[in-house]
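Colleague: Could you walk me through this model, one chain at a time? I would like to hear how each answer is reached.

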Amino acid sequence: MFSLIRDTLLSQAVTLWRVFRKLFVKADTVQYPDEQPYMFPRWRGRIILSRDPDGEERCVACNLCAVACPVDCIALQKAETEDGRWYPEFFRINFSRCIMCGFCEEACPTNAIQLTPDFEMAEYVRQDMVWEKEDLLIDGTGKYHDYNFYRVAGKRVAGKDKGEALNEAEPVDVRSLLP
Amino acid sequence: MILLFYLAAAVAVIATIGVIVQSNIVHGLLYLILSLLAVAVIFYVLGAPLAAMLEAIVYAGAIMVLFLFVIMMLNLGQNTRDQERQWLRAGGWLLPALLAAVLLGQLLYVMNGVEGLSVSEQVGVMAVGSRLFGPYVLAVELASILLLAGLVSAYHLARQVRSGDE
Amino acid sequence: MSSFAVGSGLSIASILLAVIVLAAMLIWVERRLLGFWQERLGPNRVGWFGILQVVADMIKIFTKEDWVPPFADRLSFVLAPAIIMVVVLMSFAVIPFTPEIGVIDSNIGVLFVLAMASLGAYSVMLGGLSSNNKYALLGSLRAAAQMVSYEVFMGISLLGVVVLAGSFNLRGIVESQADGWYIIPQCIGFLIFLIAGVAESHRLPFDIPEAEQEICAGYHTEYSGMKFGMFFVGEYLGLVLISSLITVLFFGGWLGPSFLPPIVWFALKAGFFIAFFILMRAALPRPRYDQLMSYGWLFLLPLSLLNLLLTGVVVLSTL
């Protein structure tokens, strides 16, 4: 009997009092279009393609992002420059499908694809939600300022032979007998 | 006041006819509620406000709600409506109507001798209470025992027997 | 004509107008207060502090198509929302607002309110039944059981007050509280009436007939436009009614120190309870259906009978 009163009346009264005190607490929400809310840098919003510090595209068209994407909203085609760099011939993200999960960012080996705190992407025409490479590519480096894939990777491109990357040993000469 | 009485009486009669001839059971029930409310008005006009309110609370407000509750459970559809229509054919109701007309004639004949009722006096709550617990206390107690028996048996019937019991 | 008196045309018209406008305003008040209590802002765009939100809602609701589903039972479907409005507005007839303002002085005021409350169950039941919709039917089944059960405790909890006042007349009940409100001798009755009142007007936390998370919108799933609006305003009218009844029965109605006029005292007390009901909506979770029923029949019913018995003993011993 006593426990029934405690559970039915007392605990409810305590709840009512605690909620009532919220009357004197500042509201958590902001008046959005007038006041911009603070967006955290790691917020997963609109997707961009970044460039390396030299101003070249970071994307090497490896297709890992397209594979990782759970809703298959990324489409791209690989192409190759004369100096051996890979790049996407086209890179297309359908933002009407994108769920901003960030898997593409995690899958990307070159930190090319990144999610930004921007979320204001409403369009009147659904076709306008499909963004091409020109729309996605930014001029900056995004979240990683010093990273340059071709400097650290063993891939041979024009101006950088095998073994010339950062922290990379000379390639082993398999025809030599010397240690 | 007398106009109010005749108006309410007319509503009650028409609504009761509606209950009988209506083939849609929910509509029939609505007519029945209307009829009960009209009877409550008649009680009020005749100087029995407590009876009027109890009619509204108990009959219209509680018992008819339970009727509606049961109708909800029964899932009555077009079939019952057709069946009801069939029962309402002239051959079905002619004989009962004749018999009822005989009874009505007798009632009118008997009522012809009764003096007109006076509606001047109001039977208040206090008067009803002191009557119920004065001269009629035995009847009230017997009725309450009957209701208690009904309550106990309803509890017994609705009790869930778990597999561990007995 | 220009003076207020019980039953005068001016009195009736002003009560009707005030009650309906208040019920409509409560739509905004409730959303605003819920906002504060949930650390949000609530509607604040239309007009000053969003006060014209009501007008915007009204325009929206009035201009919607008045639609009856083809599979619905037309008569009951149209009748159901009207019942709740009529029944609740009728109940306001016996509420004494001040010594001057009121519609009728009935000797059976308490019973009249109970009768109207019991008729209010039809609105919900018919609305659900006539919709021909599974969720609506579930909602009205729940509503029927809940309202019929809680009517019982509501009536019995009132009887303590009636015994103390010796009258079913609401005005007489207020006047007999001149030397002490009934909340003190009848605090158990007050609590039961409060709980039963919430259940009777099926507001949160007892909004089991329309529990959105479980059964869509319950009995008014198929309703839209002004028919839904009548259910909506009817719910707020019920809220005002229950608050006024609590004020009249347990908190001395218009009685209060004379530096404020009686109507202000009444409004303050009733407004406090309206805010309290909104706070309950903001704070308390909804019980399960069977919990509600067993709580009512196994806890509230014995408690209310005990309260009535004790009140009777005390009254008889002091005769």
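Colleague: Happy to start with chain C: how many helices and strands does its secondary structure come to?

Modeller: Helices (H or I, at least four residues) and strands (E, at least two) are DSSP runs, numbered from the N terminus. Along the sequence, chain C reads α-α-α-α-α-α-α-α-α-α-α. The count is therefore eleven helices and zero strands.

Colleague: Before we go on, what should I keep in mind about the model and its numbering?

Modeller: This is a predicted model, where local features need pLDDT of at least 70 and side-chain atom pairs count only at pLDDT 80 or more, while totals for chains, interfaces and linings use all residues. Residues are numbered from 1 along each chain as its sequence is written, chains are lettered from A and ligands numbered from 1 in the order in which they are written, and side-chain values use heavy atoms, leaving out hydrogens and water.

Colleague: What radius of gyration does chain C have?

Modeller: The radius is taken over C-alpha atoms, and the globule rule is 2.2 Å times the number of residues to the power 0.38. For 319 residues, a compact globule would come near 20 Å, and chain C agrees with this. Its C-alpha atoms fill a box of roughly 65 × 50 × 40 Å along the principal axes. The radius of gyration of chain C is 20 Å.

Colleague: Which percentage of the residues of chain C count as buried?

Modeller: Buried means under 20% relative accessible area, exposed over 50%, and partly exposed in between (1.4 Å probe, protein chains only). Of the 319 residues of chain C, the buried share is 58%.

Colleague: Over to chain B: is Leu132(B) buried, partly exposed or exposed?

Modeller: Leu132(B) lies in helix H6 (residues 125-132) of chain B. Its relative accessible area is 37%, so by the cut-offs above Leu132(B) is partly exposed.

Colleague: Lastly, which residue in S5(A) is the bridge partner of Asn94(A)?

Modeller: S3(A) also pairs with strand S5 (residues 130-131) of chain A, in the antiparallel sense over two bridges. In S5(A), the partner of Asn94(A) is Val130(A).

Note on methods
Two strands pair if DSSP finds at least two bridges between them.
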